[in-house]
Amino acid sequence: MMNLAERHQLILSRLQRDQYINVVDLCKELKVSSVTIRKDLKLLEDKSLLFRTHGGATMNNPYTVDRPVNEKEKIQSSEKNKIGAAAAALLNDNDSIVIASGTTVLYFAKNIQPASNLTVVTSALNVALELMREPSIEVIQLGGILRKSSSSVMGSYAEQVLGDFYFNKLFLGVDGIDLDFGLTTTNAMEAHLNRKMISVSQKTIVLADSSKFGKRGFGKICGLEEIDHIITDKGISEQIVKHLEGLGVTVTIV
């Protein structure tokens, strides 16, 4: 049986490899109790070597903070553009889609090519302005309370209008994806609007670069079992991919 130092070394090694570790998996691998593993994680967190989460631990701070959209747009921009292009390839003629807010979905909008009878409803002002360039795309801009940091609207008026539609696909951006807690954003009202979008969409497609995994925002959108497809980049760990696929979520890596 491993001693304390050897266990800690293995835990940190697994974290470096997988980005996230699960208490149950560590118990099986190390043949120790969950109490022992949780004490190990607490000691390592006290040394600022990891961040504990519900049921496990991550190398990165799991709590997201709100940032202006022009600042977020510059983060992982190459990855976001590839994700946006892969999402645009999923569009078909006569689709009716809803696009939520976020910088990754803005890259999606930039990659949308002229289509036959494509109808887009969006909460994001920057997405609507981007799609104005294409005459063949009908754009419906939701109204409501303006959230300046994300260049989008939210609130009961936007949710009420969504109730009059049903969509083939929802393209959703998020601030955090936690394997236990699900999808989150930093604003509770926006999370509520996103839940309404999911309820009126046949298929939910999440666009998120790999830095979003292992993070939690203030407002929960939904559990992972409620989404159909995630498009992300090569930075995602194999362990997370297996977990998502085990829930029936299609994972596309670009």
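**A charged network and the strands beside it**

Modeller: Arg133 is partly exposed, since its relative accessibility is 39%. The model is a predicted one, and what follows describes that prediction. The side chain of Arg133 meets that of Glu130 in a salt bridge, with 3.0 Å from N to O. Glu130 also has a salt bridge to Lys110, where the N to O distance is 3.7 Å. This second pair links distant parts of the chain, because Lys110 belongs to helix H6 (residues 103–111) and Glu130 to helix H7, 20 residues apart. Lys110 is partly exposed as well, at a relative accessible area of 37%. Through shared partners, the salt bridges join Lys110, Glu130 and Arg133 into one network. Side chains of opposite charge can pair when their charged atoms come close.

The whole structure has 11 salt bridges. Another example is the one between Glu45 and Arg52, whose closest N and O atoms are 2.7 Å apart. Glu45 is partly exposed at 24% relative accessibility, and Arg52 is partly exposed at 34%.

Ala128 is buried, because its relative accessible area is 8% and the limit for buried is under 20%. Setting aside residues up to four places away in sequence, Ala128 touches Thr122, Val139 and Gln141. Ala128 and Ile140 are 12 residues apart along the chain, and their C-alpha atoms are 7.8 Å apart.

E5 has two strand partners to describe here. With strand E6 (residues 137–141), E5 pairs in the parallel sense over five bridges. Thr119 has Glu138 as its bridge partner in E6. Together with H7, the strands E5 and E6 make a right-handed β-α-β unit. With strand E4 (residues 96–99), E5 pairs in the parallel sense over four bridges. Val98 has Val121 as its bridge partner in E5. From E4 the chain passes through H6 to reach E5, and this β-α-β crossover is right-handed.

Asp95 is in the loop between helix H5 (77–88) and E4. Asp95 is buried, at 5% relative accessibility. A polar atom of its side chain lies 2.8 Å from the backbone nitrogen of Asn92. Leaving out residues up to four places away in sequence, Asp95 touches Leu90, Asn117, Leu118, Thr119, Asn168 and Lys169.

Beyond its neighbours within four places in sequence, Ser201 is in contact with Val98, Tyr166, Phe167, Lys169 and Leu170. Ser201 is in strand E12, residues 201–207. Ser201 is buried, with a relative accessible area of 8%. A polar atom of the Ser201 side chain is 2.7 Å from the backbone oxygen of Met197.

In soluble globular proteins, nonpolar side chains tend to be buried together. The largest core here has 35 residues, and Leu172, Ile177, Leu183, Val206 and Leu244 have the most contacts inside it. At least two core residues come from each of strand E8 (152–154), helix H8 (156–162), strand E9 (167–173), helix H9 (188–199), strand E13 (219–222) and helix H10 (238–246). H9 gives the most, with four residues. A second, separate core has 23 residues, including Ile99, Val105, Phe171 and Ile205.

Conventions
Residues are numbered from 1 along each chain as its sequence is written. This is a predicted model: local features need pLDDT of at least 70, side-chain atom pairs count only at pLDDT 80 or more; totals for chains, interfaces and linings use all residues. Side-chain values use heavy atoms; hydrogens and water are left out. Buried means under 20% relative accessible area, exposed over 50%, partly exposed in between (1.4 Å probe, protein chains only). Contact means heavy atoms within 4.5 Å. A salt bridge is a side-chain nitrogen of Lys or Arg within 4 Å of a carboxyl oxygen of Asp or Glu. Two strands pair if DSSP finds at least two bridges between them. A crossover is right-handed if, with the strands pointing away from the viewer, the path from the first strand over the helix to the second runs clockwise. A nonpolar core is a set of buried Ala, Val, Leu, Ile, Met, Phe, Trp, Tyr and Cys residues joined through side-chain atoms within 4.5 Å. A polar contact is a pair of N or O atoms within 3.5 Å; within protein, one must be able to donate a hydrogen and the other to accept it, and residues adjacent in sequence count only if both atoms are side-chain atoms.
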